[in-house]
Amino acid sequence: AANVSEGDAAAPASGPTQVDANGLLQADAMTIFWDLDNLRPPEGLELIWAYRLIEAAFEFAALAHIRVYARAGTLSDDTVTTLQEIGVTFTECPLVAEGSDMVLSTDVINFVRNGGKLDGDEDSDNAAAKAVAAVPAARSGVMVATRDEGMASCVRFAAAQRDLCAGSVVCG
């Protein structure tokens, strides 16, 4: 399991962030922001990787939801449908360089600022997203699944928002 972002292990036990004896984040809910353009499984294994990300999130929280970000055309329509059927929220990003990075990092920041919700998602989100959004923000964590070092700033932002986010984890 991944360790919490720098500084999380030092959070006081009385604050919203809880860590276990190994310094691992313990939250009630975890939202996974998966940068599929930079952390891409072999074709046909997207479903297996989604399940593995959920299993990783369960190391930190009892509830988990995945939001996948990929540029238009990265996934087949069948793969998108299959991921959505298991509760994954798919966001198609612009076909520009770093398109999914821009959307994902903006969504992480807005998600934390808005207490575990993204603007306009209330009506369109699936049951998994709504269950995670119902958890108080200070007891909800963020996991960013990527290989892109450029995502570090949005992860640091999430980790620093003690009253809005239980902590952040990076995997990939």
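A nonpolar core is a set of buried Ala, Val, Leu, Ile, Met, Phe, Trp, Tyr and Cys residues joined through side-chain atoms within 4.5 Å. Buried means under 20% relative accessible area, exposed over 50%, and partly exposed in between (1.4 Å probe, protein chains only). The model is predicted: local features need pLDDT of at least 70, side-chain atom pairs count only at pLDDT 80 or more, and totals for chains, interfaces and linings use all residues. Residues are numbered from 1 along each chain as its sequence is written, and side-chain values use heavy atoms, with hydrogens and water left out.

The largest nonpolar core has 23 residues. Met30, Ile32, Trp34, Ile66 and Val68 have the most contacts inside this core. At least two of its residues come from each of β3, α1, β4, α2 (77-85) and β6 (140-145). Another core, of 15 residues, lies apart from the largest one. Its members include Leu104, Met151, Phe157 and Ala158. In soluble globular proteins, nonpolar side chains tend to be buried together.

The protein chain contains five helices and seven strands. Helices (H or I, at least four residues) and strands (E, at least two) are DSSP runs, numbered from the N terminus. Their order along the sequence is β-β-β-α-β-α-β-α-α-β-α-β. Of the 172 residues in the chain, 48% are buried. Contact means heavy atoms within 4.5 Å. Among contacts between residues at least 6 apart in sequence, 71% join residues at least 24 apart. The accessible surface is about 8,200 Å² (Shrake-Rupley method, 1.4 Å probe; for residues, only the protein chains shown count as cover). Carbon and sulfur atoms account for 51% of this surface.

The structure holds two aromatic pairs. Rings of Phe, Tyr and Trp (its six-membered ring) pair if their centres lie within 6.5 Å; planes under 30 degrees apart count as stacked, over 60 as edge-to-face and the rest as tilted. Phe33 and Tyr69 are stacked, because their ring centres lie 6.1 Å apart and their planes meet at 25°. This pair links strand β3, which holds Phe33, to strand β4, which holds Tyr69, across 36 residues. Both Phe33 and Tyr69 are buried. Phe33 and Phe111 form an edge-to-face pair, with 5.3 Å between centres and 75° between planes. Phe111 lies in helix α3 and Phe33 in strand β3, so the pair ties together parts 78 residues apart in sequence. Phe33 has a relative accessible area of 0%, and Phe111 one of 4%. Phe33, Tyr69 and Phe111 form one aromatic cluster.

Two salt bridges were counted (a side-chain nitrogen of Lys or Arg within 4 Å of a carboxyl oxygen of Asp or Glu). In one, Arg71 and Asp37 bring their closest N and O atoms to 3.0 Å. Arg71 belongs to strand β4 (residues 63-71), and Asp37 to the loop between β3 (29-35) and α1 (46-57), 34 residues apart. Arg71 is partly exposed at 31% relative accessibility. The side chains of Arg40 and Glu46 form a salt bridge at 3.3 Å, N to O. Arg40 is partly exposed (29%), whereas Glu46 is buried (3%).

Ser100 lies in helix α3 (residues 99-113). Ser100 is buried at 2% relative accessibility. Leaving aside residues up to four places away in sequence, Ser100 touches Asp35, Asp37, Tyr69, Ala70, Arg71 and Cys93.

The mean pLDDT (the predictor's confidence in each residue, from 0 to 100) is 77 for the protein chain. A value of 70 or more is reached by 76% of residues. Residues 1-16 have pLDDT below 50, and this stretch has 35 contacts in the model beyond near neighbours in sequence. Where pLDDT is low, the predicted coordinates should not be read in detail.
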